[in-house]
Amino acid sequence: MNTRRSFFINTLTTASALAAAKSANIETRFAKKDWRGITREDLPTPSMVLDLDLFEKNLSHMASSCKATGLSFRGHVKIHKSTDIAKRQVALGAIGVTVATEAEAELMSASGIRGVLLTRQPAGKEKTTRVVELTKRDPSFITIVDDPWMAEQLDQAAAAARTKVNTIVDINAGLKRAGIEPGQKALALAQDVSRRKNLNFLGLMAYSGGASHTKGWETRRVQSMADIKGMLETAELCKKAGIPVQIRTGGSTGTYNIDPGYLTELQAGSYMFMDTGYIKIGSKAGNEIYDDFAQSLTILTTIIVRQHPGTATIDCGVKGMLKPTDTVKGRPDVKVENQGAEYGILVWKDGDRDYRLGDKVELYPTHLDSTTNVYDRYYIAKGDRIVDAWPVMGRAGAAQR
Ligand SMILES: Cc1ncc(COP(=O)(O)O)c(C=O)c1O
């Protein structure tokens, strides 16, 4: 073998051995929580990366805004599914968390978080039983109901288990997906829940999903007020009927500075990461960019093919939850296209700013809940350095049900 060829083969062997060692190393580092010397460049892709400084700024801005306006905070878990994040929120003053599923409720409660509010009613024997069992383990747990039959089922299950379930009545706030009609019907349900021996009526919920991403702060305010008006009127009816309404819960990242005075607590979730839709809804100060919170979460990808001018292939597609509405960090001129399970395409015009094979590219995700749901951890970055990794929990199969 000539010396040039053997040098080439040796170099290749050493490089691939190093690469293998490095990727195994990431798992060892994860197990040992030892991130010394690891940067974004060293991570396997696609991966989720959380910018710690931006994330912490988002968390503390929300916490201080809620404190200043007298709004309690019970942030939604379905966006992040992380006990590390929930615990940080609680440390900053959150009174609990809101969750979408029984599995999330059990996960959060088992991690020691108190004040878990389930925002989807537990219909059907299996879900009702789980909620009652959870109440026995954790009396601070709260669920919602929007139907007299649900109230009856819950009451009976609670009676059989000799417990009392904290219950909030869910009022329709625009979205067809849930919530009893406000007014007399909702009042009757609140009275029904209040009379039941094994339910503890705490208040009302109205989640205005239609307002959250509405563009322009004033338009958003009008939409939000219209959506929660029925709940506020029902609260008045309850008061007149002698039923104390301790809690009025709802709200989102888009309405956190609209809800104070109307809601007693806020369920916002996306603010900590921000999605590509939220960033465009406009701020109260009149900025087109909703800059109250920063985009702290990215999907780190690698350029794996460079065959056509102004076009590059990345290693993230349907399985990585890539969407054409995703945007590229630092390159707003680049368009994102989905090309199948494991491929995405980046398209741009500016020849001076070409990507090279092997370059790392970070994408801002569009739909946070489904994106975080397919990655198993957040790599926590301080600048370019990786300083920690937090697991995303209860993501699939039995753990998710
Ligand atoms: C019931 C409920 N509350 C709160 C939220 C949080 O909203 P956001 O992530 O827009 O802040 C959601 C999100 O979809 C929700 O479904």
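**Figure 1. Met274 sits in the loop between β9 (265–266) and β10 (297–308).** Strands here are DSSP runs of E with at least two residues, and helices are DSSP runs of H or I with at least four; both are numbered from the N terminus. This is a predicted model: local features need pLDDT of at least 70, side-chain atom pairs count only at pLDDT 80 or more, and totals for chains, interfaces and linings use all residues. Residues are numbered from 1 along each chain as its sequence is written. Phi of Met274 is near 70°, a positive value in a residue other than glycine. Is Met274 buried or exposed? Met274 is buried, because 24 other C-beta atoms lie within 10 Å. The cut-offs are these: buried means 20 or more other C-beta atoms within 10 Å of the residue's own, exposed means 12 or fewer, and partly exposed lies in between, with C-beta atoms placed from the backbone.

**Figure 2. Lys81 lies in the loop between β2 and α3.** Lys81 is not a glycine, yet its phi is positive, near 50°. Lys81 counts as buried, because it has 24 other C-beta atoms within 10 Å.

**Figure 3. Helix α3 covers residues 83–91.** Which residues of α3 are buried? They are Thr83, Ile85, Ala86 and Gln89. Seen down the axis of α3, these buried residues fall within an arc of 160°, so they line one face of the helix. The arc is taken over the directions from the helix axis to the C-beta atoms. An α-helix has 3.6 residues a turn, so residues three or four places apart point the same way. The buried residues of α3 pack against α2 (52–69), β2 (72–76), β3 (96–99) and α4 (102–110). Such packing rests on contacts, meaning C-beta atoms, placed from the backbone, within 7 Å of each other. After α3 comes Gly93, with a positive phi near 115°.

**Figure 4. Helix α5 runs over residues 125–137.** α5 has 13 residues. From its first C-alpha to its last it reaches 18 Å, close to the 18 Å expected at 1.5 Å a residue. The expected span is 1.5 Å times one less than the number of residues. Thr128, Val131, Val132, Leu134 and Thr135 are the buried residues of α5. They cover an arc of only 160° around the axis, which puts them on the same side of α5. On the other side of α5, Lys125, Glu126 and Arg137 are exposed. What covers the buried residues of α5? The cover includes α4, β4 (116–118), β5 (142–145), α6 (148–160) and β6 (165–170).

**Figure 5. The largest nonpolar core has 97 residues.** A nonpolar core is a set of buried Ala, Val, Leu, Ile, Met, Phe, Trp, Tyr and Cys residues joined through C-beta atoms within 7 Å. Met108, Val116, Val169, Ile171, Leu204 and Tyr379 touch the most other members. Strand β7 (residues 199–206) gives the most to this core, with six residues. Leu204 touches Ile168, Val169, Ile171, Met231, Thr234, Ala235, Val245 and Arg248, leaving out residues up to four places away in sequence.

**Figure 6. Ser212 is part of helix α8 (residues 209–212).** Ser212 counts as buried, because it has 23 C-beta neighbours inside 10 Å. Which residues does Ser212 contact, leaving aside neighbours within four places in sequence? They are Ser252, Thr253, Gly254 and Thr255. Ser212 and Arg88 are 124 residues apart in sequence and 24 Å apart in space, C-alpha to C-alpha.

**Figure 7. Gly383 lies in the loop between β16 (377–382) and β17 (385–391).** Gly383 is exposed, because it has 11 other C-beta atoms within 10 Å. Leu52 is 331 residues away along the chain, but the C-alpha atoms of Gly383 and Leu52 are separated by 8.3 Å.

**Figure 8. A cis peptide bond joins Thr45 and Pro46.** Omega is about 0°. Pro46 has its place in the loop between α1 (3–32) and β1 (47–51).

Conventions. Two residues are in contact if their C-beta atoms, placed from the backbone, lie within 7 Å.
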